[in-house]
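Subject: The structure we talked about

Hi there,

Here is the structure I promised to pass on. Please open it alongside this message, and then read on for what turned up.

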Amino acid sequence: MAIELTGRQEQIIQIVKGNSPITGEQIAALLNVRRATLRPDLAVLTMSGLLEARPRVGYFFNGKQSGLLAAGVVHRLTVDAVKAVPVVVQGGVSVYDCIVALFTEDTGTLFIVGEAGLLEGVVSRKDLLKVAMGKVDLPKIPVRVVMTRAPNVVTVRGGQSVYEAARLLMEHEIDSLPVVEPETVNGKDVLRVTGRFTKTTATRIFVELGEPGKIF
Ligand code: ADP
């Protein structure tokens, strides 16, 4: 998920790392190019916080900078690039087996799909707890009876940004979003489940963005 620097930008960073402080002219000389040629690269590297420019001294490598370009990254990074494998069950599966699946699959939310893998609903741990608190026969109740059903399910498309996905989680106060792609089957609009975006996914991105010296 790191954003690629150009080859020359990487070279500049290596040079500055090994020779701080170093002037633009000196970098240009080492790279055998004119100072003016480097101007856009140096602008990108200083604006991103990777290099620090001190007037009349030169460029320094900003090794402790964290969250480089973080603000931009969350808008550019797509859900598809970070999504996890969805944990899905069919609507006829019992509430009991869904509770077992929460443990075996180590997840808090299950997506309910039809035979073709199309989204029908979601069920969260508290939905299942609520049923379990009643004196009912859990192996006899199909999950489709207790799930939150489409179209009330909040979903995200793979091409949307991780920022949009995280915002949806916050706005709707939920832990997990099915990642879906819309399709038309027999003239009907349906959603194919391709992954999941959870609070854990968002937290992982947050931690990676904060890692010192990580280049995004
Ligand atoms: P829990 O309450 O188990 O901690 P959530 O906060 O994710 O988990 O779920 C709260 C409620 O929202 C539950 O009733 C659940 O069915 C529903 N829910 C969970 N995910 C979604 C979603 N993506 N879209 C709509 N409703 C959801």
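Before the first contact list, one term: two residues are in contact when heavy atoms of theirs lie within 4.5 Å. Please also keep in mind that this is a predicted model.

**Ser 94**

Which residues does Ser 94 touch, once its neighbours within four places in sequence are left aside? They are Leu 138, Pro 139, Ile 141, Pro 142 and Val 143. You will find Ser 94 in the loop that runs between strand 3 (88-90) and helix 6 (95-104). Is Ser 94 buried or exposed? Its relative accessibility is 8%, and because buried means under 20%, Ser 94 counts as buried.

**The ligand site**

Next, the ligand. The space it takes is the largest pocket. There are 14 residues around the ligand, and the closest are Lys 126, Asp 127, Thr 148, Val 154 and Asp 175.

Where does this shell come from? Strand 5 (119-124), helix 7 (125-133) and strand 8 each supply at least two of its residues. Helix 7 gives the largest share, with 3 residues.

- Lys 126: one of its backbone N or O atoms lies 2.8 Å from an oxygen atom of the ligand.
- Thr 148: a polar side-chain atom lies 2.7 Å from an oxygen atom of the ligand.
- Ser 176: a polar backbone atom is 3.0 Å from a nitrogen atom of the ligand.

How much of the ligand does the protein cover? On its own the ligand has 550 Å² of accessible area, and the protein covers 83% of that.

**Val 123, in strand 5**

One of the elements that contribute to the shell is strand 5, and Val 123 lies in this strand. Val 123 has a relative accessible area of 0%, so this residue is buried. Not counting residues up to four places away in sequence, Val 123 touches Gly 108, Thr 109, Leu 110, Ile 112, Leu 128, Val 143, Val 146 and Met 147. Val 143 is also on the contact list of Ser 94. For a sense of distance, Val 123 and Ile 13 are 48 Å apart in space, C-alpha to C-alpha, and 110 residues apart in sequence.

**Helix 1 and the segment before it**

Ile 15 has its place in helix 1. With a relative accessible area of 14%, Ile 15 is buried, because the cut-off for that is under 20%. Setting aside neighbours within four places in sequence, Ile 15 is in contact with Ile 22, Ile 27, Leu 30 and Leu 31. Its C-alpha atom is separated by 28 Å from that of Val 207, 192 residues apart along the chain.

Thr 6 lies in the segment before helix 1. Its relative accessible area is 39%, which makes Thr 6 partly exposed. The C-alpha atoms of Thr 6 and Asp 41 are separated by 8.7 Å, while the two residues are 35 apart along the chain.

**Backbone details**

Most residues other than glycine have a negative phi, and most peptide bonds are trans.

Which residues are joined by a cis peptide bond with omega of about -10°? Ser 20 and Pro 21 are, and Pro 21 is found in the loop between helix 1 (7-19) and helix 2 (24-31). Another cis peptide bond joins Ala 150 and Pro 151, here with omega of about 10°. Pro 151 is found in the loop between strand 6 (148-149) and strand 7 (156-157).

Asp 106 is not a glycine, yet its phi is positive, at about 50°. The loop between helix 6 and strand 4 (109-113) holds this residue. Asp 106 has a relative accessibility of 69%, and because exposed means over 50%, Asp 106 counts as exposed.

Glu 173, not a glycine either, has a positive phi of about 55°. Glu 173 lies in the loop between helix 8 (162-172) and strand 8 (176-185). At 69% relative accessibility, Glu 173 counts as exposed.

Happy browsing, and do write back with any questions.

Best wishes

Terms used. Residues numbered from 1 in each chain as written. Predicted model: local features only at pLDDT ≥ 70, side-chain atom pairs only at ≥ 80, totals over all residues. Heavy atoms only, no water. Helix = DSSP H or I, 4+ residues; strand = E, 2+ residues; numbered from the N terminus. Buried < 20%, exposed > 50% of the residue type's maximum accessible area, 1.4 Å probe, protein only. Near = heavy atom within 4 Å. Polar contact = N/O pair within 3.5 Å; in protein donor to acceptor, adjacent residues only side chain to side chain. Areas by Shrake-Rupley, 256 points an atom, 1.4 Å probe, with all protein chains shown as cover. 1 Å grid on protein atoms, 1.4 Å probe; cavity = no way out; pocket = protein on both sides within 12 Å on 5 of 7 lines; lining within 4 Å. Sits in = over half its atoms within 2 Å of the grid points.
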